[in-house]
Structures are given as C-alpha cells and as structure tokens.
Amino acid sequence: MINLTVTQKWLRCTECQGEFKLDSIYTGCPACDKEGRSGALEVCYDIGRLSSKITKSWLREWGGSIWKYADLLPVCDTSFCSTLGEGFTPLVREPYFEKEFGFGNIYLKNEASNPTWSHKDRLNAVLVSKAKELNAKGIAASSTGNHGISAAAYAALNDLPCIVFFPPETSTSYLRLAGLYGAQAFVTPWEKRGELLQKLVFEENWTPSYPFVEGGISNPYGVEGYKTIAYELIAQLDDTPDAILAPVSEGNALTGIHKGFQEMLELGVIDRIPRLYGCVPRGANALERSFERQDDKVMTLEDSYSIATSTREKTAGVHVLRLLHASKGRAVSVTDDAIIRMMQILGKRGYCVETASALPAACLEQLMEKGEIKPEEKVVCLVTSTGIKWPDLLAEMAPPPQRIEGTWESFIGAKR
Ligand SMILES: [Zn+2]
C-alpha cells in the first residue's frame, strides 16, 4: 500500500507564477526559459488543510527526524522518506554575549549535531529522498566539503551512486568521508566543477544536488529541508526569534528558513517573521555590496577569497537578496581575522566550529555595537558545521600538546 502525505504539492515559478507538477525539473521554470528569462521554481502546498493539525503544541512534540514535517516537504509517497536521524539539533543560550556585551538572549543552533555534522543533512535528506521517488539515476554534487559528504551519505542510504566534485582547497577529511560513504570524489580546479556537473546532468541525466545553475536554486526540493530549522526554533524558543544570523553562500539555507517562518505565519502558528541577516566574509561580500547599493540582483565579484571556504563564492542568488529586504534584515560581513577570533572564543566556550560557522557570531558583535540588535532581543546564530573536519587549521589555532618524560618532576615543570 502506498502511504501518501495528506497535502497536495506542486511547483510554482517565482517570476511568472506558472505551475508545474513535482518532476525532475532542475533548470528553473520551463515557461520562463522559452521566453529567454530565468525563473526559479518553489514547492507549494495547500497548507490550509493542515491548520487543525499544525499548532504550536504539535511543533513542540519531539520528532526524531525532519520527516515529522512530511506534509510540508516535497516527497509524496512517505515510503521514500529516508532518514539518518537529521534535524532536532540543540539550541543553546550562550552566556559569552551576556558577559561581554550585556545581551542575555543569544542562542546557538548547533547544526554540527546532524549525521554528517552539518545543516546540509536537512537538504540532502529531502533532495535525495525526492530524487529516489522520481526514479533518479544518481546524485551529482559540486561542493567545498559539507554538501558533498552529506549528498554522499544520503545517496548511500538510498542505494544511489554519487559523484562529488571538490576544489583543490578541500580538507582531506571531506575527501576520505566521501569515499567512506561510497561516493566517487574528484578534485578539480575551482571553476571546472560547475561545468562538469552541468554536463553530467545534461548528458547523463544525473540529479543535481546544488549548486548547479549559478545564482539560483536549481533543485527546488532540497531547500525545503531547511524550513525545518524554522519549525524547530519556534518550538525550542516557544516564540519567534527576533533575528537570525546565518552564513550565506548561494543563500539556500536562509531561503528555506524564511519559507518555513512564512508557512507558520500563514498557518497562524506565529504572528511575525524574524529579521534575517546574511553573513559573508569581507573578501567575498558581493551580497553585502549589492544589498547596500539596493541592486535588484547580486553582483559578481571579479575575484573572491576567504578562509571560510564554503562562503567564498563570487556571487549569490537573487532570492536571498529579496528575503533580506522582505524580513527587514540585511547582509553583513567581517574579516577573516574576526572569523578566526570568534572560532577561538567559541572554542573556549566548548564549541568546535568551522570557519563559516563562526561568521554569524562574529557578525553579531558588529550588529550589537551598531545598535541594530537590542539587548533584550532573542537572537539565533546558526552554527552550520564543525571545525573537526579541518585538522590542519585546528593544528594552527590550538597549542600543541606538551611531550614530557613521564616523571612527576617533568610534569610539574611543564604544568601551567
Ligand atoms: Zn516562470
């Protein structure tokens, strides 16, 4: 017997409003494409049917995996909802910001607790499950690390082959993990990854796990997984946060979070949307520059660099620019030095975060100093992944262990 979710689900173009059935459409809106434009597709639900089921108290019930929210995710036959136990990550108040700045409601949403230690598991749980339902041949990804290993793990779970293109800067840990999960990992020059991914999708019919089309959402299903962060935050705070800070590469995580809050607003579970802040490194701040100039799309930098590899893209999608304006947040950037400093501060608080994951907390200090965040506000910084995947960087940041002869005297002589 096929077990189906109760909601009707379909795709809609954010530009021409054209509607399509949930299918293997990975190059944007076909109607816009015919007119020579590009239009992103997003998944729609007749959520009115869920208004009696989805309440704040229902949200507060423990779910075990993101498939608790299957009615609001794009898989139709629930037998395809595959899980490694992603989601339901800790939300912890961090006293550092109270002690240093007098801001007592700053929380870290620790996505490093996911099965492959990053928020990407929410995306890939949905994307790969949907791909399996649509009878995919295999999963193909271009990644700087987290996305690739997450795609590999969920492809393995679904018995699908997986190919991942990584840039030369990729930490060895990611390359080994991709192999462990049974994916074929390729290291290629940075700019070649997209070309190879496109050819694999167009010529061999593989399913793309983003990024695929520059500056837009190419796979409309994965981003839906990020909505569950919004659902969890409402439950964990028993309130709507005032602001959320998240690192931005393409902008899909913030897009999903924004959509999740919008759905809960539509269902009457909450009565407002938090301000969303897109955090980028100073050396790759196309989003910030375009936001400040009030551009209607994100500029492309000639060159970009940051130690926060996963956020050093030259551009971002127009969808993230729009949601920053719509939520009354903005884009904000900090230097690589500020990122490293925040990694060290959080390390001394018991968190091992990767470079991109230190961005939100580092940007938060700037917003506090400028008065854009108020001391009484509830603010969430999204910790997207762990620093443990970067052993070489950890070796540079942390003091080495002391090697001693093993006598009491040698120990006492070296002890701090
Ligand atoms: Zn369209």
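Predicted model: local features only at pLDDT ≥ 70, side-chain atom pairs only at ≥ 80, totals over all residues.

Modeller: Residues are numbered from 1 along each chain as its sequence is written, and side-chain values use heavy atoms, with hydrogens and water left out.

Biologist: What makes the arrangement around the zinc ion tetrahedral?

Modeller: Donors are N, O and S atoms within 2.8 Å of the metal (3.2 Å for Na, K and Ca), and water is not among the atoms, so sites may look incomplete. The SG atoms of C13, C16, C29 and C32 coordinate the zinc ion at 2.3 Å, and in sequence these donor residues follow the spacing C-x2-C-x12-C-x2-C. Four donors count as tetrahedral if all angles lie between 85 and 135 degrees; here the four donor atoms subtend angles of 106 to 115°, and the arrangement is therefore tetrahedral.

Biologist: Why is C13 called buried, and what is C16 called?

Modeller: Buried means under 20% relative accessible area, exposed means over 50%, and partly exposed lies in between, with a 1.4 Å probe and protein chains only. C13 has a relative accessible area of 1% and is therefore buried, whereas C16, at 32%, counts as partly exposed.

Biologist: How do you know that E111 and R122 form a salt bridge?

Modeller: The term asks for a side-chain nitrogen of Lys or Arg within 4 Å of a carboxyl oxygen of Asp or Glu, and the closest N and O atoms of E111 and R122 are 2.7 Å apart. E111 lies in the loop between strand 5 (106-110) and helix 4 (120-133), and R122 lies in helix 4, so the pair ties together parts that are eleven residues apart in sequence. Helices (H or I, at least four residues) and strands (E, at least two) are DSSP runs, numbered from the N terminus. E111 is buried, with a relative accessible area of 0%, and R122 also counts as buried at 0%. K109, E111, R122 and E232 are linked in a network of salt bridges, and the search of the whole structure finds 25 salt bridges.

Biologist: What makes the contact of D23 with K21 a salt bridge, and are these residues buried or exposed?

Modeller: Their closest N and O atoms are 3.7 Å apart, which meets the cut-off of 4 Å. D23 is partly exposed at 32%, while K21 is exposed at 61%.

Biologist: Where do E263 and K259 lie?

Modeller: Both lie in helix 9, four residues apart, about one turn of the helix, and their side chains meet in a salt bridge at 3.7 Å, N to O. An α-helix has 3.6 residues a turn, so residues three or four places apart point the same way. E263 is buried at 6%, and K259 is buried at 12%.

Biologist: Which residues of helix 11 are buried?

Modeller: In helix 11 (residues 318-326) they are H319, V320, L321, L323 and L324. Their cover includes helix 9 (252-266), strand 11 (275-281), helix 10 (286-292) and strand 12 (330-334).

Biologist: Why is I412 called partly exposed?

Modeller: I412 lies in helix 15 (residues 408-414), and its relative accessible area is 42%, so I412 is partly exposed. Together with I404, W408 and F411, I412 makes a nonpolar surface patch of about 410 Å².

Note on methods:
Contact = heavy atoms within 4.5 Å. Patch = residues over 30% accessible without salt bridge, like charges linked within 9 Å, V, L, I, M, F, W, Y side chains within 5 Å. Areas by Shrake-Rupley, 256 points an atom, 1.4 Å probe, with all protein chains shown as cover. Tetrahedral: all angles 85-135°; square planar, octahedral: opposite > 155°, others 65-115°.
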